[in-house]
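These notes are meant for a colleague who is opening this structure for the first time. Please keep the display at hand while going through the numbered points.

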Amino acid sequence: MDIPKEVKDIMQALEKAGHETYAVGGCVRDLLRGIAPKDWDVATSAKPEEVQKLFPDSFYENTFGTVGIKTSDADKTFSVVEVTTFRIEESYSDKRHPDGVKFTKNIEEDLARRDFTMNAIALASQETKKIIDPYGGQEDIKLKLIRAVGDPERRFAEDALRMMRAVRFASELGFSIEPSTFEAIKKNSAWLKRISQERIRDELEKLIMANGAPDGVRLLEGAGLLPYIMPELQEGVGVDQNLHHIYNVFEHNVRALAYAVRKKYDFVVRLASLLHDVGKPRSKRGEGRNSTFYGHDVIGAHATEELLKRLRFPQKTIEKVALLVRYHLFYYNVGEVTESSVRRLLKNVGPENIEDLVRVREADRIGSGVPKAVPYKLRHFQFMVEKVSKDPISTSMLAIDGNDVMRILESGPGPKVGLVLNALLGEVLEDPKKNTVEYLTGRTKEFGSRAAEDLKKYLEMKEKKIQEEEEIMKKKYYV
């Protein structure tokens, strides 16, 4: 129950000036659990202007009574300590923000507005160690229960995001949600529609990075929240698969996430593992052991992109997760797939993403109920990747460039230059030995003699043929 010196000094300065002061919220909860808090919040009877008078090196940029006090500590945990005046909040007409706040001198009134009992505990300075716990938060922490303060429906009506926070806390802390609190979430789950996508995204990211993320996703579904967060993932609930899977689509996706969490993979790989088969419900044909999901990788990539755009994820995250979903189904059987196929995959995915693609593939396998994440053929694929890693896989790696093409064709810049380079790359992907100035110069003249539209059709037909050959191999194994 030690309060750090930086925080204690602030509390004692406020107390010395005649103000009642407590550490509150998550920091007290973590202290009671024997865990070092990640940040510190202090509540006080002092008004914001009184706090700033005591601490000139501070800032007050909100209407909720929170003053940020800067400290000299290099540790980010203590570099800024937030001090908030005891307050009472008025009604929440938008189910997101209080219509107004009123300051009070009573800590119990301040605790009454908080979300869960475990966060409604106040701790006095080190000297007294007095604990204010009007809602039994200490007992709920011992019982590992997340319980709303007072009437759960009222708490969630004040801020509907609290319903999602309950699930996120359960995932992070390994707690369960108290029954009446959980029932209130199920009853009012649609309130989540009133919350901004950015706030939902932030909670989702924390949940996915929690050790209990798989159970957290199942809780979101069981509480009726998932349709308002990731409806595309919800579509997989109860959708049975074929003879290669023992779980339905939703459960398979969650188990793939569980593997990524167990391996401590980063957020992008965890999210791609969870969403890798999100396209299956829309692509399913037939029922029972012989049902098929052809094209679910492409459908899933589009669905993933829409989902992450809606949640306002950064473009870089959207692109990579969608890429991993799109190519998670890469076909590889020893003896059947050529080096040129591996080079094409490297071209499409990017060498920098291959390791994460293999990780998603491992998660897919374990999520299917198979015993081995990395069987021989996957290890052989990694060997082949390394073997061809120095071969040219992009136009920038060709022995000639755009300037050379223009010189050879005696032409200026234009779309045809790019078409010729892509046609040359297609040949070099097939056989890297062709990547010589002499060979590519000759082929440039041949390709250059064609009209741009004809060259474009040639490239499209070649790509279509490659995809058709891959699809034949995939269908052979119900992929």
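1. Before the helix pairs are discussed, a word on terms: an axis here is a line fitted to C-alpha atoms, for helices over the stretch in contact, and an angle is taken between N-to-C directions and runs from 0 to 180 degrees. Please also bear in mind that the model is predicted.

2. With that in place, helix 14 (residues 267-275) and helix 19 (residues 354-367) can be described as packing at an angle of about 45°, their axes being 9 Å apart. Helix 14 is therefore oblique to helix 19, and the crossing of the two is right-handed. On the side of helix 14 the residues that take part are Val 269, Ala 272 and Ser 273, which meet Asp 356, Arg 359, Val 360 and Ala 363 of helix 19.

3. Helix 19 also packs with helix 17 (residues 315-327), and here the axes come within 10 Å and cross at roughly 60°. This makes helix 17 oblique to helix 19, again with a crossing that is right-handed. Lys 320, Leu 324 and Tyr 327 of helix 17 meet Asp 356, Leu 357 and Val 360 of helix 19. A reader comparing the two pairs will find Asp 356 and Val 360 in the list for helix 14 and in the list for helix 17.

4. Turning to the strands, there is an open sheet of seven strands with mixed pairing, in the order 3-4-5-2-1-8-9. Strand 3 (58-59) and strand 9 (131-132) stand at its edges, and each has a single partner strand, so that one side of each is left without a neighbour in the sheet.

5. Strand 2 and strand 5 run parallel and are joined by four bridges, with Glu 82 of strand 5 as the bridge partner of Asp 41.

6. Which strands does helix 1 (residues 5-16) lie across? They are strand 1 (21-24), strand 2 (41-44), strand 4 (66-70), strand 5 (80-85) and strand 8, and the helix runs at about 150° to strand 1.

7. The largest nonpolar core has 117 residues, of which Leu 192, Val 217, Leu 225, Ile 229 and Met 230 touch the most other members. Its largest share, nine residues, comes from helix 22 (residues 415-430). Another core, of 11 residues, lies apart from it and includes Tyr 22, Ala 43, Phe 86 and Ala 124. As for Ile 229, once its neighbours within four places in sequence are left aside, this residue is in contact with Met 164, Leu 192, Ile 200, Leu 204, Leu 220, Arg 310 and Leu 311.

8. The C-alpha atoms of Pro 415 and Ala 452 are separated by 7.6 Å, although the two residues are 37 residues apart along the chain.

Terms used
Residues numbered from 1 in each chain as written. Predicted model: local features only at pLDDT ≥ 70, side-chain atom pairs only at ≥ 80, totals over all residues. Heavy atoms only, no water. Core = buried A, V, L, I, M, F, W, Y, C linked by side-chain atoms within 4.5 Å. Buried < 20%, exposed > 50% of the residue type's maximum accessible area, 1.4 Å probe, protein only. Contact = heavy atoms within 4.5 Å. Pairing = 2+ DSSP bridges. Parallel < 35°, antiparallel > 145°, perpendicular 65-115°, else oblique. Left-handed = near helix turned anticlockwise from the far one by under 90°.
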